[in-house]
Amino acid sequence: MNAIRSNFCAPNDHSFSGEMRLTSAFEDPVMREMLLSVRDAVVGLGMQVVFRVTILLRRWNY
């Protein structure tokens, strides 16, 4: 139990300070909402392209 609780292999705070800034930027609720809305817009545009290509191919009798 002593080996588990010892701080011998504990990371120092300075090595993770840059990483924490990057992860906190992506955990921002505004950024997450913006990325979700962009994802939904891309899915909607993709569905529209598939639908319109299908209609175009039917018009050309394929």
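Reader: What pLDDT does the protein average?

Author: This is a predicted model, and its average pLDDT is 78. Of the residues, 55% score at least 70.

Reader: Where is confidence lowest, and where is it highest?

Author: First the general idea. Where pLDDT is low, predicted coordinates should not be read in detail. Here the lowest confidence falls in helix α2, residues 17–26, with a mean of 56. The highest is in α3, with a mean of 96.

Reader: How many helices and strands are there?

Author: Three helices and zero strands. Along the sequence the pattern reads α-α-α.

Reader: What span should helix α3 have?

Author: Count 1.5 Å a residue. Helix α3 has 31 residues, 29–59, so it should span 45 Å. Its end C-alpha atoms lie 45 Å apart, which agrees. After α3 comes N61, with a positive phi near 60°.

Reader: Which side chains meet in a salt bridge?

Author: Side chains of opposite charge can pair when their charged atoms come close. In this model R39 and D40 do so, at 3.4 Å from N to O. The count of salt bridges comes to one.

Reader: What share of the protein's residues is buried?

Author: Buried residues make up 0% of the 62. The accessible surface of the protein is about 6300 Å². Carbon and sulfur atoms account for 64% of that surface.

Reader: Which residues form a nonpolar patch on the surface?

Author: An α-helix has 3.6 residues a turn, so residues three or four places apart point the same way. The patch consists of V49, V53, L56, L57 and W60. Together they have about 450 Å² of accessible area. One of them, L56, sits in helix α3. L56 is partly exposed, because its relative accessible area is 35%.

Note on methods
Residues are numbered from 1 along each chain as its sequence is written. This is a predicted model: local features need pLDDT of at least 70, side-chain atom pairs count only at pLDDT 80 or more; totals for chains, interfaces and linings use all residues. Side-chain values use heavy atoms; hydrogens and water are left out. Helices (H or I, at least four residues) and strands (E, at least two) are DSSP runs, numbered from the N terminus. The expected span of a helix is 1.5 Å times one less than its number of residues. A salt bridge is a side-chain nitrogen of Lys or Arg within 4 Å of a carboxyl oxygen of Asp or Glu. Buried means under 20% relative accessible area, exposed over 50%, partly exposed in between (1.4 Å probe, protein chains only). Accessible areas come from the Shrake-Rupley method with a 1.4 Å probe; for residues, only the protein chains shown count as cover. Patches are made of residues with over 30% relative accessible area and no salt bridge: like charges are joined within 9 Å, nonpolar side chains (Val, Leu, Ile, Met, Phe, Trp, Tyr) within 5 Å. pLDDT is the predictor's confidence in each residue, from 0 to 100.
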